[in-house]
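Thank you all for coming.

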Amino acid sequence: MRWIRWSLPFLVSAVLLIWVFQDVDFAELGNQLTPEAAEIFVPALLVFLVISLFIEAICLVDVVSHTHGFSSLMVAARIKAASYPLGIVNYALGIGAVTLLLRRRVGMSLAEAAGAVMVIGLFDLGSLVGIVAVGTALMGAPTPGLQAGVVVLAAAAIGLGFAVLRAPFPLGWLDRLRDWRVLHAARTLPLPVLLRLICMRLIFTANFIGLGWAVLDGFGVSGIPILSLAVNVCLLLVVAVLPIAVAGLGTGQVVFVELFKAWGEPAALLAASLTLSIGLIVTRAAIGLVFAREFTAEALAAQKTSEERTE
């Protein structure tokens, strides 16, 4: 069962990519990969990587410093960067990597570290749901493939969950649930910190929307209304983190082409989608390799201390 669980995302990605490419004119697809597209996408990707990593570091410090002496944005950025390769394979693996590194570098328990990372993830989900809900309402028409009721239900569930966790009065048997260490951060973070998290995660999402616009513009796909762009990119992000494919490959291409087909040709959209996915995979993998020593930092520090004592 473990072998099946690990291999299934790779199989799903392979099957979907084969299905996507079966009717593609590869000559036309190759013609889309122009220097002009790279001139727009590459700088946008680099800006996205810097801003996103900076935001991740701020969020980690905000959440962790509430209960532990952790104030280094550099260390937080190194922790997040080191988790990138595992996060590429599976979003949950990336979360697990950050949890483990927080435990090692900050001294948090696994439950506390997992709770801190979970809070940030919930605000990510909340920002995506919020943008989709507001964008859909302002457009005055249902988003393709999305039922408004699902969006409202998701937003209500997130809001109700926080209300229950932070209620200032006893809730009977729910108090045992609220006392779990993994929920400590969500329950005790001060309101100013929560508000700043909301702002940071909205900026993070807006940063990705900007990258989506850049890759589409680079491949000549233009004229997309800002609300449609924001809603569709958020839907793409939701699909990308589902643990059914590797790094959203396959699922991302299918959804990307479907969402933006009203504004571009399939070959241009597929080229843009592949460029976006491969660009993120390669750059984040490279960043992760640079900071991979974070996973062995504790052992290296112990070795250094031992050598100093020997001398």
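Let me start with a term: a residue is called buried when its relative accessible area is under 20%, exposed when it is over 50%, and partly exposed in between, with a 1.4 Å probe and protein chains only. By that rule Met 139 is partly exposed, because its relative accessible area is 31%.

This is a predicted model, in which local features need pLDDT of at least 70 and side-chain atom pairs count only at pLDDT 80 or more, while totals for chains, interfaces and linings use all residues. Residues are numbered from 1 along each chain as its sequence is written, and side-chain values use heavy atoms, with hydrogens and water left out.

Met 139 sits in helix H7, where a helix is a DSSP run of H or I with at least four residues, numbered from the N terminus.

Now to Thr 251, which lies in helix H13, residues 251-260. Is Thr 251 buried or exposed? Thr 251 is buried, since its relative accessible area is 7%. If we set aside neighbours within four places in sequence, Thr 251 is in contact, meaning heavy atoms within 4.5 Å, with Leu 16, Val 239, Ile 244 and Ala 245.

Finally, the cysteines. In general, a disulfide is a covalent bond between the sulfur atoms of two cysteines. Here the criterion is a pair of cysteine sulfur atoms within 2.5 Å, and a search of the whole structure finds zero disulfides. Cys 199 is partly exposed, with a relative accessible area of 44%, whereas Cys 234, at 0% relative accessibility, counts as buried.

Definitions and conventions
Helices (H or I, at least four residues) and strands (E, at least two) are DSSP runs, numbered from the N terminus.
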